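Please open the model in a viewer and keep the sequence panel beside it.

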Amino acid sequence: MQQTMRSVLFTETGKPAEVLQLQEVPLPLPKPGEIRIRVLASPINPSDTMFIQNMYGIRPQLPSRAGFEGMGVIDALGDGVNLAVGAKVSFTTIGSWSEYVVVHAGTVIPIPSHMDNETAAQVFINPFTAYAMVHAAGVQAGEWLMLTAAGSAFGQMVIQLCKMKGIKTIGTVRRKDAIAELKALGADEILNTEEDKLPKRVMEITEGKGVKAVLEAVGGKTGALALQCLGYGGTMYVYGALSIEPIPVNSGILIFKSLTMKGFWLTDWMRRTDESMRKEVQEAVIELLASKKIILPVEASYPLQDIQKAITHADSAGRTGKIILTM
């Protein structure tokens, strides 16, 4: 009988490629109300790498496992659980880069059998965040929404979602070769932060009105310039800090344009949002992904034993899709 499994762990925080280790650990057993999942796929997200570096909203308790989301099949049930062994589910937990995980039965999302594993592994973090943030921004059809780091997997989903809703989008990238691809997905305008003067170009595009909302993930100078692109009464939603630099805020712009800056963290949103809204988002996300109305890009997949290669690839510049770990 199997008693151990492989799992990616770290005993100290730091650069993922330097601190991650693949180890044999005891196979977990589900308690009452829990299920054990045989993991088949798990993505590498920016939140995962920030967590490993102790730069995330949740602090790792060392030694810690790594990875926040994934998918697999139920392989064992705790007492009182009325789910089917063999059912395909998506889940979120600390430690998804493992061959098995144990989670509370009420937290998983059933996955349609025809949805591919690489898409199912990404159901929680990017799709839920994208759908919830676009909803929170309140931008209506025909209005402008701006997003930084538009070439990310999250950015690509926001572009597709806005296109479906009739919302006009302006995205920012650092590479010219990403522009055509993002416009093909449905972006109205893509600006290169290395060449374009963001506020000037955005005001030209929006005929001097500015955008109603900005979804900001870069921080630093890019975040500061994006703030200037807001129209009167606009809101910037900050959900990341890829540059690891704080946004220098122009107080005068905030005051005289009556602007708002808000942080957005999916974990907190899930905690505060009522059950009916969570269910609406879940059903909408599953329908959009299962029907392939929205595509989640994948650049490469690596087996769990190649965690060092995978994490190095995930941290490389110029990626066009997610890096997936397979078990």
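Select proline 63, which is placed in the loop between α2 (46-52) and β4 (64-65). Please bear in mind throughout that the model is predicted. The peptide bond leading from leucine 62 into proline 63 is cis, and its omega is near -10 degrees.

Remain in that region and select asparagine 54, which is likewise found in the loop between α2 and β4. Its phi is near 60 degrees, a positive value in a residue other than glycine. As background to both stops, most residues other than glycine have a negative phi, and most peptide bonds are trans.

Select strand β1 (residues 4-10). Five of its seven residues are buried, so β1 is largely enclosed by the rest of the structure. Two pairings of β1 may then be displayed. With strand β2 (residues 21-26), β1 pairs in the antiparallel sense over six bridges; within this pairing, serine 7 stands opposite glutamine 23 of β2. With β4, β1 also pairs in the antiparallel sense, here over two bridges. Phenylalanine 10 stands opposite serine 64 in β4.

**A nonpolar patch**

Next, display the surface and select Leu77, Leu83 and Val85, which make a nonpolar surface patch of about 230 Å². Of these, leucine 77 is found in strand β5 (residues 69-77). Leucine 77 counts as partly exposed, because its relative accessibility is 31%.

**The six-stranded sheet**

Hide the surface and select β9 through β14. These six strands form an open sheet with parallel pairing, in the order β11-β10-β9-β12-β13-β14. Its edge strands are β11 (189-192) and β14, each of which pairs on one side only. From one strand to the next, the twist averages 20 degrees.

Valine 173 has asparagine 192 in β11 as its bridge partner. Four bridges also join β10 to β9, again in parallel, and here tryptophan 144 stands opposite lysine 168 of β10. Five of the six residues of β10 are buried, and the strand is mostly covered. When inspecting side chains here, recall that in a regular strand they alternate between the two faces of the sheet.

**Helices across the sheet**

Helix α7 lies across β9 (144-147), β10, β11, β12 (211-216) and β13 (230-238), and runs at about 160 degrees to β11.

Which residues of α8 are buried? They are Gly220, Thr222, Gly223, Ala224, Ala226 and Leu227. The elements covering these buried residues include β9, β12, β13, α9 and β14.

From α9, continue to serine 258, placed in the loop between α9 (251-256) and β14 (260-263). Serine 258 has a positive phi of about 55 degrees although it is not a glycine. With a relative accessibility of 37%, serine 258 counts as partly exposed.

What is in contact with isoleucine 324, leaving aside its neighbours within four places in sequence? The contacts are Ala41, Ser42, Pro43, Glu118, Gln122, Val298, Ala300, Ser301 and Tyr302. A distance may be displayed as well: the C-alpha atoms of isoleucine 324 and leucine 296 are separated by 12 Å, and the two residues are 28 residues apart along the chain.

Conventions:
Residues numbered from 1 in each chain as written. Predicted model: local features only at pLDDT ≥ 70, side-chain atom pairs only at ≥ 80, totals over all residues. Heavy atoms only, no water. Buried < 20%, exposed > 50% of the residue type's maximum accessible area, 1.4 Å probe, protein only. Pairing = 2+ DSSP bridges. Axes fitted to C-alpha atoms, helices over the stretch in contact; angles between N-to-C directions. Contact = heavy atoms within 4.5 Å. Patch = residues over 30% accessible without salt bridge, like charges linked within 9 Å, V, L, I, M, F, W, Y side chains within 5 Å. Areas by Shrake-Rupley, 256 points an atom, 1.4 Å probe, with all protein chains shown as cover. Salt bridge = Lys/Arg side-chain N within 4 Å of Asp/Glu carboxyl O.
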